Amino acid sequence: SFACSHSLSKEHVQRYSRHLLLPSFGLSAQERLCQGSVLIVGCGGLGSPAALYLAASGVGTLGLVDHDVVDLSNLHRQIIHTEARVGVHKATSAAQACAALNSLVKVNTHMDGFNPANALEIVRGYDVVLDATDNPTTRYLINDACVVLGKPLVSAAAVGTDGQLTVYNYGEDAPCYRCLFPESPAPENCSRCADAGVLGPVPGAMGVLQAVEVVKLLGGVGDVLAKKLLIFDALAGRFTTVRLRGKRTECVACGLCPSITRENLAAYDYVAFTGQAPTDAAPSLSVL
Amino acid sequence: SFACSHSLSKEHVQRYSRHLLLPSFGLSAQERLCQGSVLIVGCGGLGSPAALYLAASGVGTLGLVDHDVVDLSNLHRQIIHTEARVGVHKATSAAQACAALNSLVKVNTHMDGFNPANALEIVRGYDVVLDATDNPTTRYLINDACVVLGKPLVSAAAVGTDGQLTVYNYGEDAPCYRCLFPESPAPENCSRCADAGVLGPVPGAMGVLQAVEVVKLLGGVGDVLAKKLLIFDALAGRFTTVRLRGKRTECVACGLCPSITRENLAAYDYVAFTGQAPTDAAPSLSVL
Amino acid sequence: MKVKLEFSGGMDLLFGNKKMHEVELAETNGKRWTVGRVIMWARENLLTERPELFMKGDSVRPGILVLVNDCDWELSGTLDCELQDGDTVTFISTLHGG
Amino acid sequence: MKVKLEFSGGMDLLFGNKKMHEVELAETNGKRWTVGRVIMWARENLLTERPELFMKGDSVRPGILVLVNDCDWELSGTLDCELQDGDTVTFISTLHGG
Ligand SMILES: [Zn+2]
Ligand SMILES: [Zn+2]
């Protein structure tokens, strides 16, 4: 029942048969997915399931960014890594897992992390960006790189037993991260996994849901979660969706007269803007 | 700041530090989790993320049931397996992945699938059961085994772009599967992944959420999703929670005068009851 | 009287691939609109495919959950539950896949 | 006037570890209850920990999203948004971890 001329090989057809059978997805959405590319910034709690599900689903190219190595305290939630790979660079470890799951996917590793000097060069090569980082400094940088290059940004976060997800910079009117948070939160307002703890499967749920949004976005099906924030309260077992503002005309990134541009982004001092180093450092474990 | 006498080793403390730091979880919930046991029936689309997240979170004992081997068409959603393990028994493949992630967890494999003859013997050894199967025949059997042995049942399902989750047989008043569906649906009312297709990350999301419910249940924190059904519509990006009935007094499994008992369960003809073999057979791929 | 009829879990495939139907139900000689009547009405007026998958006798097929305003219809009288203006009736096909 | 104040994303830690507060706001010489007034009222009456993490000037701290009936308060006038009986105001701390 499929047209004779399509771009999928026999192995693609067998592997993705359950997507091809799906009336709301089918051959053309799978072809778009197989031709699309996604950059995942952060191979931790959110990036682990997102990378596995996007590799499994058959995106054409997957880019994996990290700067850190796998630590034993990551393994309670970062299920793409293994005990044998403790000490290995996270992008390398994640790439190995993706390749073992689906060798049809091209996996690129970006080993130096994400910083103002390399941001545009990395983002330029992908259709969609997935923010799976752990600190506001990198989140502002990813946002600005996506805005100046016109890429949709599937963003999620999790701390404690709470999770949040939205798609920034998508379509005509959807806000960017700076539209929502023009002023950076103070460091003391940013609870982090390393200080506050996080229940392992909570970033897991949010990361899989990021993969769902990317599959919809690249496949061209369904309603993308833009101008809406999905909130997960794991203790209550409850999801809530709330309506967000549209673009702010005065936004310095996506507004009518943006002050952040392709030309000057590399020189922007993100650490000065947020007052925080771009890390989620581990606490001292001596108290334990 | 932790009490000096607890049952966790230094390696446990380091590995689970992000759970121990969490005010709503902490040391005592982690100790309960480490002493608890979970049976996962089905190592497919739901079982893959559930097993990985429960192994990572540190449940004491994980039981993995399946009867099938890994097929290439599974890998678009069953992310616990790999290309190298195509043809390997799914319980063995899943156990290898869990052991690689967390060697502190005891993993049992049950290789003969789940049937009326072995159901009670298997379920007896675990605190909680997770239904990650793909057909109504096995779902009724799992339900009855949990009811007669008094085990809570964390149940989810996914087909197409839709997912559902609830916890049966938990607490005083929560219904069992038969309270909700006393009469079996006809085969033509049961759309299956093999015929209808399924979007890869949709069972992924539901399986991670099953792991969340198990962690809450064993850890003794939060509100368990009993007497409520969580519904996921992936295309709309929307979750809905609906209120379910309580126990039915005339339920043949959990009612006042149950006709299904520990003594006669093994002789119950589940295939005759549902009119369906306990499989989710693959479609002919010749049309593709 | 206006009510919303929602079809989920694949039930929408039987109802023109549309998940949400906002419908106007006419008053007929003072006869109240129960969920039972609405099921018959939906079969006559909205169903587009395979009617045998929707009803059995005068109720829905086994495996279909019915909700009135997001609550199981067992909590409000099943077929005899009387609807008010603005109510939502949801039909959910139970899923078995994984 | 009764309103619900909800604290999410860890904000509940500042408000007695309670996520949902149903409160009665007294009429005071015909002065309307705006979201701005409710923020001051919550600081005086509900806040139990570290007030410096909740407010900055006469508004909430950067990084806190405010919703009125599940809609971003930017859509209804932010501090000046007038509340009705039964409204819900939600304060969400944005998360950054992963
Ligand atoms: Zn903006
Ligand atoms: Zn029952």
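## Two copies, one axis

Chain B can be laid on chain A with an RMSD of 0.0 Å, by a turn of 180° and a shift of 0.0 Å along the axis. That is the relation of a two-fold axis. The same surface serves both copies: 100% of the contact residues of chain B recur in chain A. Contact here means heavy atoms within 4.5 Å.

This is a predicted model, in which local features need pLDDT of at least 70 and side-chain atom pairs count only at pLDDT 80 or more, while totals for chains, interfaces and linings use all residues. Residues are numbered from 1 along each chain as its sequence is written, chains are lettered from A and ligands numbered from 1 in the order in which they are written, and side-chain values use heavy atoms, with hydrogens and water left out.

## The interface of chains A and B

Chain B gives 74 residues to the contact, and chain A gives 74 residues. Together the two chains bury about 6000 Å². Of this area, 65% is on carbon and sulfur atoms. Buried area is the accessible area (1.4 Å probe) that two parts lose on being put together, summed over both.

Two salt bridges cross this interface. A salt bridge needs a side-chain nitrogen of Lys or Arg within 4 Å of a carboxyl oxygen of Asp or Glu. Arg15(A) and Glu83(B) form a salt bridge, at 2.4 Å from N to O.

## Aromatic pairs

A search of the whole structure finds 23 aromatic pairs over all chains. Rings of Phe, Tyr and Trp (its six-membered ring) pair if their centres lie within 6.5 Å; planes under 30 degrees apart are stacked, over 60 edge-to-face, and the rest tilted. The ring centres of Phe232(A) and Phe239(A) are 4.3 Å apart and the planes are at 10°, so this pair is stacked. Both residues are buried, meaning under 20% relative accessible area (1.4 Å probe, protein chains only).

Phe15(D) and Phe54(D) form an edge-to-face pair, with 5.0 Å between centres and 80° between planes. Both Phe15(D) and Phe54(D) are buried.

## Charges over rings

A charge sits over a ring if NZ of Lys or CZ of Arg is within 6 Å of the ring centre and within 35 degrees of the ring normal. The charged end of Arg178(B) sits over the ring of Phe273(B), 4.7 Å from its centre. In chain C, Arg37(C) lies over the face of Trp33(C), 3.8 Å from the ring centre.

Note on methods. Copies are superposed by least squares on the C-alpha atoms of residues with pLDDT of at least 70 in both. Buried means under 20% relative accessible area, exposed over 50%, partly exposed in between (1.4 Å probe, protein chains only).
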